[in-house]
Amino acid sequence: MQANHRSLFDFLRNKIISQVKKRNRVSGQINDLMLLLRKKCLHEEVVKTPMQESDEAKNQLPKRICICCALEEQASGFSGMSHGFNKLEKSRVVKEVPLAEFCKYRELRPFKKLQEPQPV
Ligand SMILES: [Zn+2]
């Protein structure tokens with residue numbers, strides 16, 4: 001390998017190594033923040049997937065996700081008045097969505113600003 005190629009590769013490799021370290025540090029900070037948010041969140045409102053009749057019932061049980069902190073659970077089964085959830089059992093279901101839309105709630109987004117009343 002020629003010297004100028006070697007220095008280019010060294011530069012690129014060191015830059016990548018440095019950026020990966022930064023990414024891992026930020027990723028750890030995000031995980032810590034998510035844990036804190038989920039610990040403090042009351043999980044008041046959730047979005048759920050519908051119950052679907054299927055031979056593979058285990059994979060078709062409904063899922064819920066908190067719209068504030070993205071805590072996610074899959075129903076473990078129904079018994080009596082229970083919907084089969086643990087932390088999200090008593091949360092208010094605000095919307096039922098197909099799985100593809102449900103997955104979008106895994107990424108946190110800013111809440112929409114409350115609309116100010118328009119003057120008449
Ligand atoms: Zn929550």
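**View 1. Val 46 stands opposite Val 93 in S4.** This is a predicted model, in which local features need pLDDT of at least 70, side-chain atom pairs count only at pLDDT 80 or more, and totals for chains, interfaces and linings use all residues. Residues are numbered from 1 along each chain as its sequence is written. Helices (H or I, at least four residues) and strands (E, at least two) are DSSP runs, numbered from the N terminus. Val 46 also stands opposite Cys 66, in S2. Not counting residues up to four places away in sequence, Val 46 touches Arg 64, Ile 65, Cys 66, Ile 67, Leu 88, Ser 91, Val 93 and Val 94. Contact here means that two C-beta atoms, placed from the backbone, lie within 7 Å.

**View 2. An open sheet of 4 strands has the order S3-S2-S1-S4.** Its pairing is mixed. S3 (72-74) and S4 are the edge strands, and each pairs on one side only. From one strand to the next, the twist averages 30°. For such angles, axes are lines fitted to C-alpha atoms, for helices over the stretch in contact, and values run from 0 to 180 degrees between N-to-C directions. Two strands pair if DSSP finds at least two bridges between them. S1 and S4 run parallel and are joined by 4 bridges. Glu 45 has Arg 92 as its bridge partner in S4. S1 and S2 run antiparallel, with 3 bridges. Another 3 bridges join S2 to S3, also antiparallel.

**View 3. Strand S2 is covered on both faces.** Lys 63 and Ile 65 lie on one side, Arg 64 and Cys 66 on the other, and all are buried. A residue is buried if 20 or more other C-beta atoms lie within 10 Å of its own, exposed if 12 or fewer, and partly exposed in between, with C-beta atoms placed from the backbone. In a regular strand the side chains alternate between the two faces of the sheet. Arg 64 stands opposite Glu 73 in S3. The hairpin of S2 and S3 has 5 residues between the strands. There, Ala 70 takes a positive phi near 65°.

**View 4. Strand S4 (residues 92-96) lies largely in the open.** Why is that said of S4? Of its 5 residues, the number buried is 0, so the strand counts as largely open.

**View 5. The largest nonpolar core has 8 residues.** They are Val 46, Val 47, Ile 65, Cys 66, Ala 75, Phe 85, Leu 88 and Phe 102. Strands S1 (45-48) and S2 (63-66) are the elements that give two or more residues to this core. A nonpolar core is a set of buried Ala, Val, Leu, Ile, Met, Phe, Trp, Tyr and Cys residues joined through C-beta atoms within 7 Å. In soluble globular proteins, nonpolar side chains tend to be buried together. Buried residues make up 12% of the 120 residues in this protein.

**View 6. Pro 62 sits in the loop between helix H2 (57-60) and S2.** Pro 62 is partly exposed, because 19 other C-beta atoms lie within 10 Å. Not counting residues up to four places away in sequence, Pro 62 touches Lys 48, Thr 49, Pro 50, Met 51 and Ala 75. Gly 84 is 22 residues from Pro 62 in sequence, and their C-alpha atoms are 9.1 Å apart.

**View 7. Arg 109 lies in the segment after helix H3 (99-104).** Is Arg 109 buried or exposed? Arg 109 counts as exposed, because it has 9 C-beta neighbours inside 10 Å. Cys 68 is 41 residues away along the chain, yet the two C-alpha atoms are separated by 9.0 Å.

**View 8. Helix H1 covers residues 3-40.** Its end C-alpha atoms are 56 Å apart. The expected span is 1.5 Å times one less than the number of residues. H1 is hardly covered, and its count of buried residues is 0.

View 9. Along the sequence, the pattern is α-β-α-β-β-β-α. Among contacts with a separation of 6 or more, 51% join residues 24 or more positions apart. Mean pLDDT, the predictor's confidence in each residue from 0 to 100, is 89, and 88% of residues reach 70 or more. Confidence is lowest in H2, at a mean of 59, and highest in S1, at 97.
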